[in-house]
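I opened the model to look up a few contacts for my notes. The entries follow in the order in which I checked them.

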Amino acid sequence: MATPNKETLLDWYHQMVLIRRFEERCAELYQQGLIGGFLHLYIGQEATGVGAIAALKEHDHVITAYRDHGIALARGLDPKRVMAEMLGKVDGVSGGKGGSMHLADRERRFWGGYGIVGGHLPLAAGIALASKYEDRGEVVLCLMGDGATNIGYFHESLNLSAVWELPVVWLIENNQYGMGTSVARASGVTELVKKARAYGDNGRGMKEGPRIDGMNVLEVYEQVSEAVEYARKHGPILVESLTYRLQGHSMGDPERYRTKEEVEQYVASGPIGRFRAYLIEKYKNIEPKLDEIDARALEEVDEAVEFAKNSPDPTFEDLVRHVYVD
Amino acid sequence: MADRPITIREALSAALREEMQRDERVFIMGEEVGVWGGTYAVTRGFLDEFGEKRVRDTPIAEMVIAGAAVGAAMAGLRPVAEIMTINFAFLALDAIVNHAAKVRYMFNGQFTVPLVIRTTTGGGKQLGATHSHAPEVIFAHFPGLYVAVPGTAYDAKGMLKASIRDDNPVLFVEHSTMLQRRSPVPDDPDFLLPIGKSDVKRRGDDVTIVTFGKGLEWSTAAAETLAQDGIEAEIIDLRWLRPLDLEPVFESFKKTNRCVVVEESLPMFNVGAEVAARLQDELFDYMDAPVKRVAAMDVPLPYAAEIERMALPSPEKIVKAVKEVVGG
Ligand SMILES: Cc1ncc(C[n+]2csc(CCOP(=O)(O)OP(=O)(O)O)c2C)c(N)n1
Ligand SMILES: [Mg+2]
């Protein structure tokens with residue numbers, strides 16, 4: 001793991017701010033009726049996505065659930081094309097056929113966001129199997145929500161990865177709720193990383209990784225980097241990132257399951273504010289630079305929206321294409 | 001090379017072995033495929049021949065067998081995953097329907113899923129309601145997936161090899177009571193049958209019988225009985241439920257003007273319903289009688305032999321249905 005230099009830290013800061021601005025704009029576009037379907041925002045979880053993806057090499061793989069915009073942007077997908085997907089346009093990363101929940105970019109080894117809770121976990125195992133089968137030394141980072149750890153796919157996929165010693169980092173983004181159900185109301189064990197114990201013992205099978213502060217991008221980066229190298233050498237590892245989603249589960253969530261005070265508390269300790277404060281303390285006179293990044297992120301989002309609005313709608317040909325390989 | 005009579009089991013084995021020898025990326029995964037040699041002995045000897053890397057025993061975990069096979073296929077391998085019987089494929093329905101069949105489309109063609117899921121189907125072995133399904137038609141409902149339903153050793157080999165070489169996901173459904181059926185099969189390692197082509201298995205001018213899988217056997221027996229009464233049935237074996245090739249059915253129907261559809265599926269929403277709808281749509285003017293369907297009865301399959309037999313199609317039921325449509 002390389003110690004991140006100033007340039008890298010500023011890049012992370014940029015990514016986190018870009019995600020935040022992007023998501024805020026998505027919410028507006030949703031209200032205006034320009035984005036349809038379900039929309040799950042990543043606001044509050046930026047440090048986890050950015051730190052974890054920074055821990056990967058270019059040849060490694062990423063796969064996640066439907067809360068995927070932040071992951072896509074952190075993996076370097078063009079915000080213009082991600083926004084075009086939100087608006088259901090042909091220039092969208094999935095040609096307007098996937099929508100907000102189903103972003104992917106094969107070139108960047110981002111295997112997609114998946115709308116079925118847990119449905120991508122076995123895919124992650126399979127992608128890791130391909131890497132191992134062909135001795136490619138590539139690791140799969142599979143992100144999932146806390147809620148996904150209660151679904152059958154979780155058990156079957158983690159167990160198989162243990163038995164076959166697959167190079168997967170299973171990363172739980174514990175944002176404390178699956179829709180309106182808190183972890184304690186949904187899971188027999190609330191320290192979710194302990195679930196690793198069911199799939200490994202004495203250095204064999206699944207490794208129980210750390211429970212990390214998912215609001216601290218540096219910590220996420222350091223811990224996930226270690227996990228990635230562990231997975232590359234030895235096999236699967238489960239990591240839990242403690243985070244919080246500052247918005248509703250999806251648009252229009254009345255949020256009856258939590259209090260305003262609880263949310264406020266996390267707003268105060270949000271990942272971007274914390275990282276900004278860290279940078280200001282670490283580097284003299286960095287503030288103008290940070291302000292510049294803030295402004296740039298906003299411009300990029302403006303450009304993305306402009307691009308997306310100008311992109312054509314998919315046609316009948318698009319409707320019937322790609323059902324099969326011709 | 002000369003054709004040799006071999007069983008469906010041997011045909012499947014040969015197809016798998018040849019394709020694994022040909023392409024290093026082809027591998028097998030599933031419950032009891034390795035040490036045990038395959039629940040239906042199709043992969044017997046494979047572990048010794050190909051090793052643990054390519055013949056992979058899995059836990060009893062259908063969701064991840066199907067799902068991991070999808071992921072491995074997306075990432076460049078060519079898995080042949082085995083679901084022990086189609087009854088257990090219900091547990092893998094999400095991975096098959098939502099992922100195998102959809103990831104290509106949903107991500108705008110970025111991913112390819114060169115996957116074969118092999119499984120066995122069918123009742124008639126007194127296994128009771130949970131273990132006697134023949135629900136392959138359910139899987140044929142979904143665009144993005146192919147569904148193969150071979151009824152002879154010749155077809156089994158050529159279709160399986162073609163499925164493994166194709167870049168689309170295929171659910172390959174073998175009938176568990178037909179594995180010992182024998183027919184001549186080419187030894188040629190490049191013997192392939194086209195995907196989505198049905199086949200005329202018997203020529204006749206009086207009635208068109210459309211069928212697949214086990215139905216082929218029942219229909220063939222029925223046709224022999226009918227021939228004694230001077231009724232010549234033309235039997236069309238669909239071989240694939242998706243892509244569904246009805247051209248030979250239409251051709252035949254223009255000549256016979258009568259059709260009976262025979263299948264082990266349950267009677268509602270089945271292949272017969274599809275064929276009847278398509279015939280009235282395309283060839284209404286050629287219809288001399290309503291299309292008849294012979295399917296399983298609308299009950300879960302029971303254990304007791306006599307009533308289980310009663311619930312399934314049979315040559316007698318087919319003969320009766322044919323006589324109704326030919327008006328004799
Ligand atoms: C199999 C399945 N069941 C139910 C749903 C509906 N659903 C969508 S998101 C969600 C909550 C998932 O929570 P979690 O895994 O914690 O992810 P988060 O939304 O918090 O990121 C549910 C129940 C679904 N998409 N898939
Ligand atoms: Mg959650």
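I looked up ligand 1 and found one of its nitrogen atoms 3.1 Å from a backbone N or O atom of A:Val117. I count a polar contact as a pair of N or O atoms within 3.5 Å; within protein, one must be able to donate a hydrogen and the other to accept it, and residues adjacent in sequence count only if both atoms are side-chain atoms. A nitrogen atom of ligand 1 is also 2.9 Å from a polar backbone atom of A:Gly115. An oxygen atom of ligand 1 has a polar side-chain atom of A:Asn175 at 2.8 Å. Ligand 1 taken alone exposes 580 Å², of which the protein buries 71% (Shrake-Rupley areas, 1.4 Å probe; for residues, only the protein chains shown count as cover).

This is a predicted model: local features need pLDDT of at least 70, side-chain atom pairs count only at pLDDT 80 or more, and totals for chains, interfaces and linings use all residues. Residues are numbered from 1 along each chain as its sequence is written, chains are lettered from A and ligands numbered from 1 in the order in which they are written, and side-chain values use heavy atoms, without hydrogens and water.

Next I checked the magnesium ion (ligand 2), which is coordinated by A:Asp146 (OD), A:Asn175 (OD1) and A:Tyr177 (O) at 2.1 to 2.2 Å. Donors are N, O and S atoms within 2.8 Å of the metal (3.2 Å for Na, K and Ca); water is not among the atoms, so sites may look incomplete. I noted the donor spacing along the chain as D-x28-N-x1-Y.
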